[in-house]
Amino acid sequence: MSLPSARKAMTRAQARQFITALAEANPDAESELVYKDAFSLLVAVVLSAQATDKSVNKVTEGLFRDAPDARAMVALGEDGIAAHIRTIGLWRAKAKNVLRLSEQLLERHDGEVPSDRDALEALAGVGRKTASVVLNVMFGESAMAVDTHIFRLGNRTGLAPGKTTRAVEDGLIKRIPPEMLRPSHHWLILHGRYVCKARSPECWRCVAFTPCLFPLKGQIVESKGEPA
């Protein structure tokens, strides 16, 4: 059974307090995907759909050794790509997409990853979330990529309630201070991955407990025998 979400949205002041707490606890947060350039990041993010970063890192070590750029990836071919990524979910479709996006990079961008959202989203297997990650991490834009962790956290805590990922994204952009928006992507993902988990949020060790509007946070803390 899913846990309830916050009954209302945080104010901007509460959102600042929430994000500041995450920032102070993990100031050097960064992506857990292993990459060395824009191409390897793009491919890794495409592969990460419905797969953990840990499982993706295991397969990309060999994949990027054999195909470090778009031209080498095309030369490797769909079967060669597939052979490297069979252990992750949706590997057949992902192999097709990685091959096609590599071809498209060569055809349209001389093998380079574009820094334009529309151009990124026109690539095979690349949606808004993937484009936002690349724009944020590689090109320094204050883009907010809403994955399952951030979508859950936005609704549960009241930071940015919304029925769709775009609604949550818009809410985050509205409430998070502009100067904190870019690194917030990593703070929120890691908080959702390791503390504010889907089935068992660990509220007793949440650094942002006070501004959080999750209605069951007190009960969860009490059940662990910790002070609220």
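## A loop between two helices

Let's start with Gln50, which sits in the loop between α2 and α3. Helices here are DSSP runs of H or I with at least four residues, strands are runs of E with at least two, and both are numbered from the N terminus. The phi angle of Gln50 is near 55 degrees, a positive value in a residue other than glycine. Gln50 counts as exposed because its relative accessibility is 72%. (Exposed means over 50% relative accessible area, buried means under 20%, and partly exposed lies in between, using a 1.4 Å probe and protein chains only.)

A word on the model: it is predicted, so local features need pLDDT of at least 70 and side-chain atom pairs count only at pLDDT 80 or more, while totals for chains, interfaces and linings use all residues. Residues are numbered from 1 along each chain as its sequence is written, and side-chain values use heavy atoms, with hydrogens and water left out.

## How α2 and α3 cross

Now look at the helices on either side of that loop. The axes of α2 (residues 38-47) and α3 (residues 53-66) come within 10 Å and cross at roughly 140 degrees. This makes α2 oblique to α3. Axes are lines fitted to C-alpha atoms, for helices over the stretch in contact, and angles run from 0 to 180 degrees between N-to-C directions. Angles under 35 degrees count as roughly parallel, over 145 as roughly antiparallel, 65 to 115 as roughly perpendicular, and the rest as oblique.

Which residues meet? From α2 come Ser40, Val43, Ala44 and Leu47, and from α3 come Val56, Thr60, Leu63 and Phe64. Contact here means heavy atoms within 4.5 Å.

## Another positive phi

Asp110 lies in the loop between α5 (91-109) and α6 (117-121). Its phi is near 55 degrees, again a positive value in a residue other than glycine. With a relative accessible area of 71%, Asp110 is exposed.

## The annotated domain

The unreviewed UniProt entry places "domain: HhH-GPD" at residues 47-194. Over residues 47-194 the chain is 71% helix and 0% strand, and the end C-alpha atoms are 21 Å apart.

How many disulfides does the whole structure hold? A search finds 0, where a disulfide is a pair of cysteine sulfur atoms within 2.5 Å. For Cys196, the nearest cysteine sulfur is that of Cys212, 6.3 Å away. The sulfur of Cys212 has its closest cysteine sulfur in Cys206, at 6.0 Å, which is too far for a bond. Cys196 counts as buried at 10% relative accessibility, and Cys212 counts as buried at 10%.

Key:
UniProt positions are given in the numbering used here, feature names are shortened, and annotations may be inferred rather than shown by experiment.
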